[in-house]
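Subject: Structure handover and findings

Hello,

Here is the structure for you to look over. My notes follow it.

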Amino acid sequence: LEPSWAHHGVSVEKYGQTGSMPVRRFHPFAAMEDTESQVVWAAELKCGSSWQMEYYRRDENLCMSGGLADYDFGHWSKTLHPGEGFETPEAFLTVVHGTFEEACANLVSMHKKVKSYRDEGNRLPVVFNEYCTTWGKPSEQSIRELTEELRYRDFDYFVIDAGWYADEHDGWQNNMGDWDVSKALFPNGMQEAVRIIREAGFKPGIWFEAETVGKYAKALQYQEHLLKKHGKVIRSGDRYFWDMRDPWVRSYLADKMIGFLSHYGFEYVKIDYNESIGIGCDGAESLGQGLYENILAVQDFYREIHEKVPGIIIELCSSGGHRLEPSFLDITDMASFSDAHEEPEIPVIAANLHRLIRPEKSQIWSVIRMDDSLQRICYSVTNTFLGVLCISGDITELSPKQWKLIEDGISFYRKLDLIIKDGRTLFYGTEQKNYRSLKGWQGIVRENDATGEACIILHGFEEHQDIEIPLEHHYEILSVYEANEHEYSLMEHTLHVKMENRYDSMALLVKRVSS
């Protein structure tokens, strides 16, 4: 991007994402930093379809632009006749005299907050999702066993994930779109499963992949209502896609999905989306505009769910996190942070997302296995203090000691409500070069200025880490969550911690002390 001696020619660096998974490769975000003047410009798009960002230079000035993908990149064009209008996606812009982290915090502060959770005192929820327990094979029997184990424990929602509609012969991965309850898995119908969940003291939740039709689904016969490109039905992997602009489709899903949620009294729905339609679809002036219109219709359907099922919690999921951008986040209550269900890099991913989404909307997996050590369980639970806590795994096979550590973690998490919702995040530790081979350590300080409380979340990835974190204020320790007895001290404005083991963790709740 350095200009030529004669300022001839133009240099442009363009990046973005095409298709219906707007965060599959890049987040719709851009930033420029003047390191000499310590000024950062940053921008973020609210766009659920194809988008692009550009850095442009011809002379000594550097320009940054972005928006809907152009025709070259995203096959987008729009024709306006006299008297017509077009509303572009919104963008957030900020400039700070300060750091990149402060610029990110400014953009995230413009995202909509969660209006309310259906929990006592409007607190952040604790979720149990059975996906990493049954791996797509939920049943009335498994729900009965799991809820019996969870009974009297401090959970709010019990979520039935994918597979409840499975075909007896073809399984569950390729018949999305019919949404018929499996009689083999639920011999007494879904109403009995909901009754079991409620009787155990939890709010019921369920999984859908609303926009897609599997290759074995009976609904595939409705070809005229599927998305097409150049007149041919779009297929990606084993999935086809409803044309969400089609009134017939909206009526069909209003019955199959919204009616289902209302009829059975579900208070939580996880809406997944696991393939992209690609560059776009027919039905508008360009393939890119067809995609844009279809995504707007998808988002309108989300709003219809909220309207028709008052108070329901919508979890946004797209193969983990491929729709984590503001236009989708604004109309949902929380989002799957990633599909890194059991990997050691979870705390790094979850912390990075503080730069891009509100932590109160970032639901983080804590998958517990029966052979997990107490150190490993602590590591998994501590990860969730970076967002919303979601437990899964071998919960019926755990020992009392393992369960006590989990419940201690839930109790610690319950104290972090205002910190997670309204805090600011500071990042410390080793800069990672390879997420699959973590080095050093990570320290996250999340502080609520109004209450003066902060949570310090530490993860050691290698052995023998001497951690030192400078703190802006003088704190006293209120509570500690750990499995190992770490050597630590909090003196004046510095926290010192020694971690001796690989993949170790601890969290401290501290409160500002008046000087």
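First, a term: buried means under 20% relative accessible area, exposed means over 50%, and partly exposed falls in between (1.4 Å probe, protein chains only). This is a predicted model: local features need pLDDT of at least 70, side-chain atom pairs count only at pLDDT 80 or more, and totals for chains, interfaces and linings use all residues. Residues are numbered from 1 along each chain as its sequence is written, and side-chain values use heavy atoms, with hydrogens and water left out.

Helix α10

Helices (H or I, at least four residues) and strands (E, at least two) are DSSP runs, numbered from the N terminus. Start with α10, residues 374-383. Eight of its ten residues are buried, so the rest of the structure largely encloses this helix. Those buried residues are Gln375, Ile377, Cys378, Tyr379, Ser380, Val381, Thr382 and Asn383. Several elements cover them, including α9 (346-352), β18 (362-368), α11 (400-414), β22 (453-460), β24 (475-482) and β27 (504-512).

Two helix pairs

Two packed helices are described by the angle between their axes and the distance between the axes. Axes here are lines fitted to C-alpha atoms, for helices over the stretch in contact, with angles from 0 to 180 degrees between N-to-C directions. Contact means heavy atoms within 4.5 Å.

Take α10 and α11. Their axes come within 10 Å and cross at roughly 25 degrees. The two helices are therefore roughly parallel (angles under 35 degrees; over 145 is roughly antiparallel, 65 to 115 roughly perpendicular, the rest oblique). On the α10 side, Leu374, Ile377, Cys378 and Val381 meet Lys401, Gln402, Leu405, Ile406 and Gly409 of α11. By class, that contact has six nonpolar, two polar and one charged residues. Here Ala, Val, Leu, Ile, Met, Phe, Trp, Tyr, Cys and Pro count as nonpolar, Asp, Glu, Lys and Arg as charged, and the others, Gly among them, as polar.

Now α4 (140-150) and α5 (190-199). The axes of α4 and α5 come within 9 Å and cross at roughly 5 degrees. That makes α4 roughly parallel to α5. Glu140, Ile143, Arg144 and Thr147 of α4 make the contact with Glu192, Ala193, Arg195, Ile196 and Ile197 of α5. The classes are four nonpolar, one polar and four charged residues.

Ala200 sits in the loop between α5 and β9 (203-208). Ala200 has a relative accessible area of 7%, so it is buried. Leaving aside neighbours within four places in sequence, Ala200 is in contact with Thr147 and Arg151.

Glu54

Is Glu54 buried or exposed? Glu54 counts as buried, at 17% relative accessibility. Its place is in strand β4, residues 51-57. A polar contact of 2.8 Å joins the side chains of Glu54 and Gln52. (A polar contact is a pair of N or O atoms within 3.5 Å; within protein, one must be able to donate a hydrogen and the other to accept it, and residues adjacent in sequence count only if both atoms are side-chain atoms.) Beyond four places in sequence, the contacts of Glu54 include Val12, Lys14, Cys63 and Asp70.

Positive phi

Trp135 is not a glycine, yet its phi is positive, near 50 degrees. Tyr503 is another non-glycine with a positive phi, about 50 degrees. Trp135 counts as partly exposed at 38% relative accessibility, and so does Tyr503 at 22%.

Best wishes
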